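Trainee: Hi! Could you walk me through this one?
Mentor: Happy to; have a look first.

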Amino acid sequence: MSTATVPTTFLIISDTHDFTPTSAPIFPLHLPTPKADVLLHSGDLTSVGSIPSFRKALTMLASIPAELKLVIAGNHDLQLDQSFRTENPANHAPGNNPQDDERRDLEYHAKAMGLMTGELARQAGVTYLVEGTHEFTLASGATFKIYVSPYTPEFGDWAFAYASSEDRFNTPEDMEEGSNCKSIATNPIPDDVDIVMTHGPPQGILDLCMAGNVWCPHLLQAMKRVRPMLHCFGHIHEGSGIEVVDWKVKEKEAAEEERKAMEGNRGARRKNEAVHRAFETEWIENPYPGVWEWRVGKGFRKGETTLAVNASIMDADYKPRNAPWRVVVDLKRAG
């Protein structure tokens, strides 16, 4: 008699930025990589999204053995975001005629999408995902529902950006009470997903960096609502690591920190600082090429805990000094 769940191994990486691993063990990500059932890549395959760099990324992904390889874009993967150039004339490819510039931009985007969804991607075993919810079933019978989004808060002149006053992860009904922001969610995160893969982190979870305001409180609000089994992301290289989020404990700590910070009407900035303090976590050693077990009875409690993984391969100096994460989870069996 088969069990109701199937142990499934995920290899999680992000922010590879044109890196090509070799058999030389110079960096943690080197060949051969241990086999996984599912590879998740949380975006920033490239440095600036050139066509040759997408080919290079697909070659890299082809070298990793996995039954299913799910990939999203990041803010550096410029040509995968059609609106990045077409809706902002300042970002057009250089030329003398605006109409020619826009046509050329659309051609570049079409070529990039053709690569990531075409024959070369198929040969590499890669499934490129756009923002939304997707369902997959593995040969083992394991099935899961995953929400993905390449979008991150506006920061510099990069792709897949939204303003800090915009919430693209929650409907107006699900937004934080008292929020002055506007919901622009055409693909809000549904409550029943098993896994969330975004390019960027939620506020206060593996997002600390020297650049400042690059976290997302709206994504945090969605994670508190959805409480998925697994949330993987990258974007903030300095935040590479793993965190077990116990939502009951974290919300209690956040409420207490917020109360202290807001005493004396000290403002929203103090509130944000309080959220960060409440979500600070201990550093956890990466067992790669070993596995981190996130299973029923081994840390995972449905609706109560989430494993957050910042899988950035690059460090703050854009050197691939961070190891991938291998995580074993119990997925539902189909049927």
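We'll chat about cysteines and salt bridges.

Mentor: This is a predicted model, where local features need pLDDT of at least 70, side-chain atom pairs count only at pLDDT 80 or more, and totals for chains, interfaces and linings use all residues. Residues are numbered from 1 along each chain as its sequence is written, and side-chain values use heavy atoms, leaving out hydrogens and water.

Trainee: How many disulfides are there?
Mentor: Zero, in a search of the whole structure; a disulfide is a pair of cysteine sulfur atoms within 2.5 Å. For Cys181, the nearest cysteine sulfur belongs to Cys216, 9.0 Å away.

Trainee: Is Cys216 buried or exposed?
Mentor: Cys216 is buried, at 2% relative accessibility, while Cys181 is partly exposed at 25%. Buried means under 20% relative accessible area, exposed over 50%, and partly exposed in between (1.4 Å probe, protein chains only).

Trainee: New topic: how many salt bridges does the structure hold?
Mentor: It holds 13. A salt bridge needs a side-chain nitrogen of Lys or Arg within 4 Å of a carboxyl oxygen of Asp or Glu.

Trainee: Which residue does Glu119 meet?
Mentor: Glu119 pairs with Arg122 at 2.5 Å, N to O. Both lie in helix H4 (residues 119–124), three residues apart, about one turn of the helix. Helices (H or I, at least four residues) are DSSP runs, numbered from the N terminus.

Trainee: And what does Asp315 pair with?
Mentor: Arg321, also at 2.5 Å, N to O. Asp315 is buried, with a relative accessible area of 12%. Arg321 also forms a salt bridge with Asp317, the closest N and O atoms being 3.9 Å apart.

Notes: Helix = DSSP H or I, 4+ residues; strand = E, 2+ residues; numbered from the N terminus.
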